[in-house]
Amino acid sequence: MSIFPKISLRPEVENYLKEGFMNKEIVTALGKQEAERKFETLLKHLSHPPSFTTVRVNTHLASVQHVKNLLLDELQKQFNGLSVPILQHPDLQDLLLIPVIGPRKNIKKQQCEAIVGAQCGNAVLRGAHVYAPGIVSASKFMKAGDVISVYSDIKGKCKKGAREFDGTKVFLGNGISELSRKEIFNGLPELKGMGIRMTEPVYLSPSFDNVLPRYLFLQNLPSALVTHVLNPQPGEKILDLCAAPGGKTTHIAALMHDQGEVIALDKIFSKVEKIKQNALLLGLNSIRAFCFDGTKAVKLDMVEDTEGEPPFLPESFDRILLDAPCSGMGQRPNMACTWSLKELASYQPLQRKLFTAAVQLLKPEGVLVYSTCTITLAENEEQVAWALTKFPCLQLQPQEPQIGGEGMRGAGLSCEQLKQLQRFDPSAVPLPDTDMDSLREARREDMLHLANKDSIGFFIAKFVKCKST
């Protein structure tokens with residue numbers, strides 16, 4: 001059920017999205033009323049978290065069953081003895097699914113309040129505690145050990161250090177303050193530790209802060225699916241063109257049994273360091289990460305490549321993953337997006353530059369997987385239509401496993417082509433109302449269906465390169 005307001009967008013952005021979701025092809029197929037209903041449902045669902053927390057097991061270091069047993073013990077501790085099931089996904093066998101309990105409606109709001117930033121609030125709805133930098137405001141009498149009601153400042157209007165806030169705020173649940181107001185806002189160098197330990201969140205999800213860090217990677221279901229669609233094989237040379245923070249890079253290496261070469265590129269140095277840290281933590285030696293702009297990754301002079309560093313000679317890679325920088329409009333929960341239409345539209349040209357580089361770097365008969373965590377037609381199906389016209393050497397391929405729905409109408413793709421895409425649509429199923437009683441009665445197949453459908457918004461396309469460019 002919907003308990004939060006729909007995602008808050010600038011009017012021009014909402015109108016732009018509406019035009020995409022009510023394009024001529026969709027309205028002809030569904031009717032105007034149904035198309036409009038689906039769009040409004042999507043906006044409501046984006047502000048709520050998915051109904052499952054999903055974690056990928058690092059199968060390079062441990063078996064799924066072993067990690068599942070360790071995780072069951074951890075959940076028992078975190079949930080004070082509540083017995084929440086953990087499901088292994090039948091098609092993505094390295095993925096574990098943990099149902100989210102909520103929304104919990106009988107939580108008593110406290111007089112003492114803390115306001116957190118929107119990003120911090122989104123993390124709380126997915127199981128995080130509140131860290132001191134995320135706290136924007138706190139009641140003037142707040143002390144360490146107090147029970148606090150936590151609210152999200154979804155429109156970013158609260159002033160840092162305010163004693164009270166009467167603007168738009170959304171209740172996230174209650175927690176226990178680890179710090180006093182004075183300690184949080186004393187003007188000393190910014191605190192980095194935990195500020196509020198959430199004890200009664202509106203949505204109950206496990207916290208994964210430092211939980212089995214060598215064995216688990218917190219990853220949304222479609223993000224884990226992408227690497228299975230890529231289907232990397234031992235001994236291959238694979239490029240992750242926009243790799244940060246490294247979830248898919250490390251997944252590629254694990255699926256290859258750490259045999260072969262995985263090149264990871266990102267143009268932000270700190271993110272590249274994070275990829276290297278993750279590879280080290282997860283015990284993966286086949287990954288080489290470089291701080292490099294993916295749009296410039298093709299070596300233009302044909303001098304022999306001896307260093308194995310970017311830029312690379314054309315046709316160097318067996319498989320390439322382009323998990324493209326995108327508007328991120330599929331992320332959940334997201335109660336407010338302040339972006340302008342210009343910012344939203346800026347991603348399509350960048351994605352095309354990266355895609356062009358990827359096609360040049362791919363060997364004949366190589367596989368290219370393109371993915372985004374957004375819902376816009378321009379960044380997804382329109383990019384596929386553009387790619388098939390621009391690069392006659394590319395053929396769209398069916399995907400395995402097929403878990404998401406088919407692609408969205410509106411970009412001129414055929415029904416057959418739409419069926420070869422995977423689009424995860426957050427409006428596909430009603431928002432669940434999950435408590436312990438409903439979990440005890442739920443059938444496994446119904447839970448798996450819900451996990452597959454009620455996820456973040458996401459898109460995947462798979463191509464094969466037929467001949468030399």
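A residue is called buried when its relative accessible area is under 20%, exposed when it is over 50%, and partly exposed in between, computed with a 1.4 Å probe on protein chains only. By that rule H257, at 52% relative accessibility, counts as exposed. The model is a predicted one, in which local features need pLDDT of at least 70 and side-chain atom pairs count only at pLDDT 80 or more, whereas totals for chains, interfaces and linings use all residues. Residues are numbered from 1 along each chain as its sequence is written, and side-chain values use heavy atoms, with hydrogens and water left out.

The elements named here are DSSP runs numbered from the N terminus, with helices being H or I runs of at least four residues and strands being E runs of at least two. Two strands are said to pair if DSSP finds at least two bridges between them.

Strand β7 (residues 147–153) pairs with β8 in the antiparallel sense over six bridges, and I148 has G175 in β8 as its bridge partner. The pairing of β8 with strand β9 (residues 194–201) is also antiparallel and runs over five bridges. Along this pairing, S177 stands opposite I196 in β9, and N174 stands opposite E200 in β9.

A further open sheet has four strands in the order β2-β3-β1-β10, with antiparallel pairing. Here β2 (87–88) and β10 stand at the edges with a single partner strand each, so that one side of each is left without a neighbour in the sheet. Strand β1 (residues 52–57) and β3 run antiparallel and are joined by five bridges, with R56 standing opposite L95 in β3. Helix α4 (residues 64–78) lies across β1, β2, β3 and β10, and runs at about 25° to β3. Such angles run from 0 to 180 degrees between N-to-C directions, and the axes are lines fitted to C-alpha atoms, for helices over the stretch in contact.

The next topic is helix packing. Two packed helices are described by the angle between their axes and the distance between the axes. Angles under 35 degrees count as roughly parallel, over 145 as roughly antiparallel, 65 to 115 as roughly perpendicular, and the rest as oblique. The axes of helix α1 (residues 11–21) and helix α3 (residues 32–46) come within 10 Å and cross at roughly 135°, and α1 and α3 are therefore oblique to each other. On the side of α1 the contact (heavy atoms within 4.5 Å) is made by E14, L17, K18 and F21, and on the side of α3 by A35, E36, F39, E40, L42 and L43. Sorted by class, this contact of α1 with α3 has six nonpolar, no polar and four charged residues; Ala, Val, Leu, Ile, Met, Phe, Trp, Tyr, Cys and Pro count as nonpolar, Asp, Glu, Lys and Arg as charged, and the others, Gly among them, as polar.

Helix α7 (residues 221–230) and α8 have axes that come within 10 Å and cross at roughly 45°, which makes α7 oblique to α8. In this contact S223, A224, V226, T227, H228 and L230 of α7 meet K248, H251, I252 and L255 of α8. By class, the contact of α7 with α8 has five nonpolar, four polar and one charged residues.

Some backbone positions in the loops deserve a separate look. The peptide bond from G102 to P103 is cis, with omega near 0°, and P103 has its place in the loop between β3 (95–99) and β4 (113–117). Another cis peptide bond leads from E400 to P401, with omega near -5°, and P401 belongs to the loop between β16 (394–396) and α13 (415–419).
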